Amino acid sequence: MSQSKAAPGENAEATQKTMPYQFDQPREMRPDLVVPSAVPDDERVWVPQSENVWFRPLCLNVSAGYWMNLLRVRRSGVLSRHRHPAPVHGYVIKGSWRYLEHDWIATEGGYVFEPPGDTHTLVVDEDVEEMITLFNVNGCMYYVDPWGKNIGYEDVFTKIDMCRAHYDSIGLGADFVDQFIR
């Protein structure tokens with residue numbers, strides 16, 4: 001059987017599939033955010049949250065009120081008890097963790113969905129040398145005592161403030177965090 005010639009328009013159709021979009025993006029659109037190395041080589045990028053607990057900002061969205069970060073823990077024990085009024089998504093990159101209130105353990109490669117209203121106590125067990133989890137936190141997390149009394153909170157703005165203070169104190173400059181703000 002011989003090769004047939006391309007029908008008229010077939011080359012144009014193939015070309016159009018590989019052409020970029022031909023119009024301008026919306027003027028009000030924020031630029032893309034690409035973080036080439038989510039787990040950074042530069043230790044200074046990790047923002048200390050408490051002893052042996054850090055976060056690495058990836059996206060701090062001030063208009064939608066959410067943040068995406070890596071949480072890194074290098075100690076065992078209870079980290080915090082908190083409640084979420086909005087959904088949280090997590091993906092465990094390294095190690096494992098659990099909540100005192102649930103019977104599951106989040107392990108390396110696992111995904112966790114936390115529904116709005118969930119209150120839980122984050123624990124890293126003694127056999128875990130390092131835990132790194134990607135979290136997408138919507139809204140805020142508010143810290144509570146065992147009876148649900150509010151004792152503090154974090155939101156995208158407190159995260160930005162923590163980043164500014166840390167990056168300024170180590171010489172990267174307070175505006176280093178601006179690259180992650182959308």
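The model is predicted.

Start with the sheet. Six strands form an open sheet, in the order S7-S6-S9-S4-S11-S12, with antiparallel pairing. Its edges are strand S7 (105-107) and strand S12 (150-154), and each of these pairs on one side only. From one strand to the next, the twist averages 30°. In general terms, the strands of a sheet pair through backbone hydrogen bonds, in parallel or antiparallel fashion.

Strand S6, residues 96-99, pairs with S7 in the antiparallel sense, and three bridges connect them. Serine 96 gives a point of reference here: threonine 107 in S7 stands opposite serine 96.

How many salt bridges does a search of the whole structure find? The search finds eight. The general rule is simple: side chains of opposite charge can pair when their charged atoms come close.

Take arginine 98 and aspartate 125. They form a salt bridge, with 3.0 Å between the closest N and O atoms. Arginine 98 sits in strand S6, while aspartate 125 lies in the loop between strand S9 (119-124) and strand S10 (131-138), so the pair ties together parts that are 27 residues apart in sequence. Both ends of this bridge are partly exposed. Aspartate 125 has a relative accessible area of 23%. For arginine 98 the value is 24%. Elsewhere, salt bridges with shared partners join Arg74, Lys94 and Glu130 into one network.

A second bridge links glutamate 43 with arginine 72, and here the closest N and O atoms are 2.9 Å apart. Why does this pair tie together parts that are 29 residues apart in sequence? Glutamate 43 belongs to the loop between H1 and S1, whereas arginine 72 belongs to strand S3 (residues 66-73), so the bridge spans that separation. Glutamate 43 is partly exposed, at 42% relative accessible area. Arginine 72 is buried, at 3%. The cut-off for buried is under 20% relative accessible area.

Arginine 44 is partly exposed, with 39% relative accessibility. Aspartate 42 is partly exposed as well, with 30%.

Alanine 38 is the next stop. It lies in the loop between helix H1 (10-17) and strand S1 (47-50). Alanine 38 counts as partly exposed, with a relative accessibility of 30%.

Next come the cysteines. How many disulfides does a search of the whole structure find? The count is zero. Cysteine 140 is in no disulfide, and its nearest cysteine sulfur, in cysteine 163, is 17 Å away. Cysteine 163 itself has its closest cysteine sulfur in cysteine 59, at 12 Å. That is too far for a bond, because a disulfide needs the two sulfur atoms within 2.5 Å. Cysteine 163 is also buried, with a relative accessible area of 0%.

Finish at the surface. Val39, Tyr91, Ile93, Tyr111 and Phe113 form a nonpolar patch there, and together they have about 470 Å² of accessible area. Which elements give two or more residues to the nonpolar patch? They are strand S5 (88-94) and strand S8 (111-114). Tyrosine 91 is part of strand S5. Its relative accessible area is 39%, so tyrosine 91 is partly exposed.

Proline 87 lies in the loop between strand S4 (77-83) and S5. Proline 87 counts as partly exposed, at 27% relative accessibility. From proline 87 to threonine 15, the C-alpha separation is 42 Å, and the two residues are 72 apart in sequence.

Key
Residues numbered from 1 in each chain as written. Predicted model: local features only at pLDDT ≥ 70, side-chain atom pairs only at ≥ 80, totals over all residues. Heavy atoms only, no water. Patch = residues over 30% accessible without salt bridge, like charges linked within 9 Å, V, L, I, M, F, W, Y side chains within 5 Å. Areas by Shrake-Rupley, 256 points an atom, 1.4 Å probe, with all protein chains shown as cover. Salt bridge = Lys/Arg side-chain N within 4 Å of Asp/Glu carboxyl O. Helix = DSSP H or I, 4+ residues; strand = E, 2+ residues; numbered from the N terminus. Buried < 20%, exposed > 50% of the residue type's maximum accessible area, 1.4 Å probe, protein only. Pairing = 2+ DSSP bridges. Axes fitted to C-alpha atoms, helices over the stretch in contact; angles between N-to-C directions.
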